[in-house]
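Subject: Structure handover

Hello,

I am passing on the structure we spoke about.

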Amino acid sequence: MGRVIRGQRKGAGSIFRSHVQHRKGAVKLRSLDYAERNGYIRGVVKEIIHDPGRGAPLAKVAFRDPYRYRIRTETFVAVEGMHTGQFVYCGKKANLTMGNCMPIGEMPEGTVVCGIEEKPGDRGKLARASGNSATVISHNPEVGRTRIRLPSGAKKILSSSSRGIVGIVAGGGRTEKPLLKAGRAYHKFKVKRNCWPRVRGVAMNPVDHPHGGGNHQHIGTPSTVRRDTPAGRKVGLIAARRTGRLRGGSKSRHDKD
């Protein structure tokens, strides 16, 4: 039995826990209430802020509480073109304007949308990374379902009452600029979690990793492993459906309707 490998140690947390101390809080849509289900409510963008460890900027949006005399501030994912002082409308009867939040069933086909709820009322789960967006493909009013295309290209059927924000998440093109030096990668991952630099398994000793050892750096066994492989051996391509280069153009299971 060799040493407890890196993949096993990550599960326990400890030094591998995410660095959340300076983050700005959970990013969610408004809690679903009477105003949003039947009409709309207006908010104003107070500021656009940076969230450490996140590529997309965030928007602090202030709404008047419909039930008490107070201001409620929500943290939304900022969409491209959003600015401070902008009015944002949330609800079933909101207009189709960039930054507004409305049910995807009320949007025409072809609408670009982000921050979509997977289930009505879960306050936004899909298409939230910088530069990402989903597209409304079709509606089925008889059963109250809407089909969308996710950023990965996969198609998903959701409830038509699930909400989303009209537009593309800001911060697109972030990955197109090369990091160029190790110092930038160091600071990038310092605010995320302890996952950089990453030592290759073939560069280790046999006691440290299943791929370690040998007179040349080579794996020595197939890199694909079973789904039920023991934890200390579960490295490489885990339960791979296929391996090798993607060839033959755009034929994928996502394109099959």
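The notes below go from the whole chain to a few single residues.

This is a predicted model, in which local features need pLDDT of at least 70 and side-chain atom pairs count only at pLDDT 80 or more, while totals for chains, interfaces and linings use all residues. Residues are numbered from 1 along each chain as its sequence is written, and side-chain values use heavy atoms, with hydrogens and water left out.

Overall form

The protein chain has three helices and 12 strands; these are DSSP runs numbered from the N terminus, with at least four residues (H or I) for a helix and at least two (E) for a strand. Its radius of gyration is 23 Å, well over the 18 Å that the globule rule gives for 257 residues, so the chain is more spread out than a compact globule. That radius is taken over C-alpha atoms, and the rule is 2.2 Å times the number of residues to the power 0.38. Along the principal axes, the C-alpha atoms fill a box of roughly 70 × 45 × 35 Å.

Of the 257 residues, 33% are buried (buried is under 20% relative accessible area, exposed over 50%, partly exposed in between, with a 1.4 Å probe and protein chains only). Among contacts (heavy atoms within 4.5 Å) between residues at least 6 apart in sequence, 56% join residues at least 24 apart.

Aromatic pairs

There are two aromatic pairs. Rings of Phe, Tyr and Trp (its six-membered ring) pair if their centres lie within 6.5 Å; planes under 30 degrees apart count as stacked, over 60 as edge-to-face and the rest as tilted.

- Tyr40 and Tyr89 have ring centres 5.7 Å apart and planes at 75°, so this pair is edge-to-face. Tyr40 lies in the loop between helix H2 (34–38) and strand S1 (41–49) and Tyr89 in strand S4 (residues 87–90), so the pair ties together parts 49 residues apart in sequence. Tyr89 is partly exposed, at 27% relative accessible area.
- Phe63 and Phe76 form a tilted pair, 6.1 Å centre to centre with 45° between the planes. Phe63 is in strand S2 (residues 58–64) and Phe76 in strand S3 (residues 71–77), 13 residues apart. Both Phe63 and Phe76 are buried.

Pro206

Pro206 sits in the loop between helix H3 (182–190) and strand S11 (224–225) and is exposed, with a relative accessible area of 57%. Leaving aside neighbours within four places in sequence, Pro206 is in contact with Gly212 and Gly213. The C-alpha atoms of Pro206 and Arg184 are separated by 32 Å, the two residues being 22 apart along the chain.

Regards
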